[in-house]
Amino acid sequence: MTTTPFWRRYARFFGPDPAADVKDELSFHLDAKTDELIRQGLSPGAARKEAERQFGDLRSVQRIGQQIGQKTERRRRMGDYWTDLLHDLRYTFRTLRRDPGFAAISLLILALAIGANVAVFSVVNTILLRPLPFPHSNELVWIAPPPSECGWSCATYSADAYEEFSSMSRAYQGVTGYEAFTTPENFRLTGHGEPVPVTGMEVIGNFFQVLGVQPQMGRLFTLEEARGPVIPNSTGTPVVLLANAYWRRQFHSDPAIIGQAIELNGAPVTVVGALPESFDYGAVFAPGAKADLFVPVSLDTERMWGNIVTLVGRMKPGVTVAQALDDAKRVAPDMYFNTKYPQSKGRYKGNLVPVPLKDYVTGKLRRSLIALWFAVGTILLIAGVNLSNLLLARAAARAKEFAMRGALGASRGRIIRQLLMESLVLSCAGAVLGLGLALAVIRWLAHQGSLALPLLNSLGIDGQVVGWTVLVAILTAMIFGLLPGLRMASGNLQEMLKDSGAGAGLGRKHERIRATLVISEIALACVLLVSAGLLLRSFSKVLEVDLGFQPDHASSINVAYDESAPTVEARVLKRTAIFQEVLTRVGAIPGVQAAGISDYLPLGPNRSWDTPVPKGKVFAPGELPEPLVYVITPGFIRAMGMGLQGRDFTWADGPNSEKVIIINASMARRFWPGEDPVNKILMRDGGNAQYRVIGVVDDVHEESVESSIGAQVYYPCTQQGPSRAQLVVRSSLPPATLAPAVLRALRELNPYQPASEFRPIRTIVDHAVSPRRFFMLLVATFAGLGLLLATLGIYGVISYSVTRQTSEIGVRMALGATGGRVQRQVLANTLKLTAAGIAIGTLIAIVVARAIASLLFATSPWDFPSYMGMALALLVIALVSGYIPARRASAVNPMEALRNN
Amino acid sequence: MDTAKLEFLRGTLDVLILKSLVWGPLHGYAITNFILRQSDDALLVEEGTLYPALWRLESKGLLAAEWGLSENNRKAKFYRLTLEGRRSLRQEIKTWQAYAAAVAKVLATTQLPEPEEAR
């Protein structure tokens with residue numbers, strides 16, 4: 001064999017071609033054979049034929065050859081690829097080790113940005129994207145009337161209505177519900193030492209079957225159990241299911257407790273089962289609240305109480321929500337509020353609207369969460385731009401290295417790959433750190449029981465979250481790695497190899513790109529700052545809202561009392577005596593300024609009874625609202641710090657004296673527009689009951705701090721039966737100091753008084769505003785992060801340009817420019833960049849602000865202070881981050897600078 | 001003896017190919033010729049068997065191929081032994097010889113051996 005001739009080098013110029021190789025090889029064989037046959041004396045034609053005959057099936061051999069050839073080629077290419085990749089990887093680690101400062105800063109930036117993204121994604125995934133934690137949860141619907149102002153009483157249904165709806169509807173596999181007026185700590189667990197307050201939900205017997213929740217131990221309620229005897233102070237039967245958390249906390253997950261009796265409110269109740277950990281009632285139906293145990297509600301006892309149950313249905317497979325709505329429209333006209341009263345037929349017409357349970361639970365948060373997702377995405381963008389900038393600066397310093405590699409034959413693709421590999425390694429390491437960070441945040445969030453966000457209990461890192469992290473990491477690497485890579489690879493080799501470096505065209509071009517990056521960074525930070533500003537302003541507006549009461553210096557505790565007596569009159573007297581005694585004793589505690597009792601507190605569940613009518617006035621039916629009802633003692637209004645016109649109830653307003661009532665300002669305006677309502681008469685029950693209005697109180701926010709306020713009435717507990725007793729104590733003493741004394745006073749009167757929580761009224765308000773506070777804090781954190789990153793970006797670009805211009809500055813100073821002048825010019829450059837960023841950012845911010853207008857409260861999307869604050873913050877940080885390089889520039893020694901060049 | 005009828009035992013062709021390359025690179029046609037000549041025209045390697053075998057050995061890394069010019073100036077694919085190919089050849093020759101010796105020994109048996117006594 002002789003050496004390869006020169007043309008062979010180009011025969012496979014366009015890459016290897018195994019098929020052609022096989023063909024060439026075989027045709028050589030045929031030629032050689034033919035030659036030999038000719039030598040043996042055959043004619044050329046015959047020789048060729050003979051050679052082909054001897055060869056046999058040429059085609060199939062060719063096919064085998066091609067297959068083997070392709071396979072080999074593929075393997076070879078893969079081998080090369082992996083070798084190169086490993087090489088790149090080793091090289092990356094080496095370069096990063098050489099520059100630990102750069103590596104540390106970029107890792108920090110990436111960890112923060114990716115961590116924030118992962119944490120937010122996992123919240124979004126849990127609340128918005130994942131289905132509810134029930135089997136076939138898309139079949140579950142929440143059935144409620146359209147929103148109204150009369151609270152839970154207008155969002156619930158009577159026991160009769162539930163039964164009729166359940167039997168007449170064809171769209172459901174099962175309909176269930178729970179007693180909406182169950183309040184925290186409505187039971188006390190006795191027989192285990194000191195009485196312990198317990199929150200027990202009263203649910204319709206088939207509640208867990210319809211939701212598809214299986215007990216972890218024991219069994220669910222049977223149908224009979226929903227109709228059995230009654231335990232004191234509740235309407236259920238003496239069986240109980242334990243929530244998993246309560247089973248663990250109170251009974252240490254003891255399996256032996258199942259089937260045994262525990263003592264609730266002094267009566268034995270059998271524990272029939274324990275629910276699984278995956279079922280968290282509060283997380284789905286009452287965010288931020290907890291339920292310790294579940295008892296079946298007895299519909300027969302509840303029948304007289306009017307609207308009490310919420311409705312949850314499981315649709316039959318294949319039934320759509322629209323079909324369920326049609327079905328409800330068909331059923332509603334035939335439904336009775338109370339089957340005893342024929343005229344109550346059709347009262348629920350238009351008031352049965354099924355919506356997917358998921359929408360009911362999370363619908364209100366959708367916009368906030370999406371906004372949050374965008375905010376955190378912006379952080380990722382800013383971080384990416386920032387790193388891109390850092391990498392560019394590094395690339396400029398490494399230009400010669402890359403030029404050298406290019407000159408030595410590294411292809412453009414190879415250099416880009418090398419740079420992408422660096423960014424990928426950085427972002428993967430950042431992602432790992434970020435995941436750890438996110439994990440910490442998520443752990444913390446999942447245990448924020450008081451945060452009124454649903455489903456937080458199931459927050460965690462799962463496969464989807466990890467997948468998202470990987471996606472984010474790769475995306476980030478692309479964002480910040482590609483631009484410097486392309487820049488470097490497209491550079492002019494010669495220009496880079498020349499020693500001049502500084503001041504050359506490339507440097508200028510670089511600087512332009514970096515300036516553009518910094519401007520976009522500032523613009524993005526600008527958008528975040530404005531959004532955060534607007535949300536912050538909204539939040540402070542929410543805090544400024546006049547709640548109608550003074551939440552500070554007041555605390556409440558649930559009072560247990562026993563009013564059992566043979567007649568209604570005796571019950572009223574007994575209850576009055578108890579309440580009077582409680583208030584006297586608590587009022588005598590040093591430091592207590594006022595004390596009072598109400599059955600419901602603001603910003604929580606509430607109820608309404610019916611619509612009283614003002615005497616002597618005619619209103620069309622349905623024109624007057626159904627007011628919310630509070631049954632209170634004298635002193636409650638003062639204890640809550642509510643404003644009152646007219647007089648408060650007194651103990652003299654007894655069962656036999658004139659019936660009196662206090663109404664709120666909204667109701668006064670609605671019922672007696674332009675008149676003084678005091679001493680007017682309200683009628684109920686067709687005029688059989690008449691109430692004299694003795695006072696008007698401020699409107700109290702009952703549903704949420706942000707919603708509007710409807711009518712409210714207050715009855716004295718001496719004339720109306722309260723459903724329970726919430727003692728409110730006003731005192732300047734801290735609640736923790738006051739609590740033991742109050743509890744002691746209550747225990748002296750009633751040894752069964754459980755150690756209920758002495759809760760500052762402020763916490764009720766905090767709980768109500770917690771979602772808004774949560775979102776505001778997160779967006780503000782992101783804005784702060786954005787600001788920090790923008791600072792880094794500005795500092796980086798200015799500092800680099802000062803370094804690059806050292807000799808130029810030196811010349812100018814040698815020609816007489818003062819240090820101050822140089823300094824001013826550097827600062828002016830900084831401000832120019834910032835101003836451009838602010839200008840662009842403001843335009844985007846205006847668009848964004850309009851998009852999030854629905855998330856704002858009493859704040860216009862044009863809110864001037866927010867924009868002003870943003871601009872100020874950015875200018876200040878620009879000055880600070882520009883000042884350091886400016887100082888350095890003014891300290892340049894002209895002689896040295898010139899000599900170095 | 002009819003040369004065309006002599007079938008190759010499995011694996012035999014590979015070792016013959018490797019052996020033919022011991023003295024230097026050859027193209028496929030030369031390999032056939034080498035085997036034919038050395039076996040005194042007893043072993044005729046068919047093209048349909050030879051080339052797939054060559055390619056297989058190449059993809060296994062026992063052979064390396066390169067394009068070059070043949071004696072009569074045609075471009076031809078030359079195969080040579082890789083280091084691994086040489087190692088494999090040594091191993092194969094040993095195996096083959098042991099095998100052949102064993103077969104020969106059995107075939108040379110002239111009488112039924114005494115049955116071994118059970119202990």
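**Close-ups of a predicted two-chain model**

**View 1. Domains of chain A.** The centres of domain 1 and domain 2 of chain A, taken over C-alpha atoms, sit 79 Å apart. Chain A splits into domain 1 (16-90), domain 2 (137-364), domain 3 (365-545 + 767-900) and domain 4 (561-751), with bounds from an automatic or database domain assignment. This is a predicted model, where local features need pLDDT of at least 70, side-chain atom pairs count only at pLDDT 80 or more, and totals for chains, interfaces and linings use all residues. Residues are numbered from 1 along each chain as its sequence is written, while chains are lettered from A and ligands numbered from 1 in the order written.

**View 2. Helix H2(A) against helix H4(A).** H2 (residues 18-39) and H4 (residues 58-98) of chain A pack at about 140°, axes 8 Å apart (lines fitted to C-alpha atoms over the stretch in contact; angles run from 0 to 180 degrees between N-to-C directions). Residues making the contact include Pro18(A), Val22(A) and Leu26(A) of H2(A), plus Leu58(A), Gly65(A) and Glu73(A) of H4(A); contact means C-beta atoms, placed from the backbone, within 7 Å.

**View 3. Where chain B meets chain A.** Here 23 residues of chain B contact 24 residues of chain A. Helix H2 (28-38), helix H3 (47-60), strand S2 (63-69) and strand S3 (75-81) of chain B each supply at least two residues of its side (DSSP runs numbered from the N terminus: helices H or I, at least four residues; strands E, at least two). H3(B) gives the largest share, 8 residues.

Terms used: Contact = placed C-beta atoms within 7 Å.
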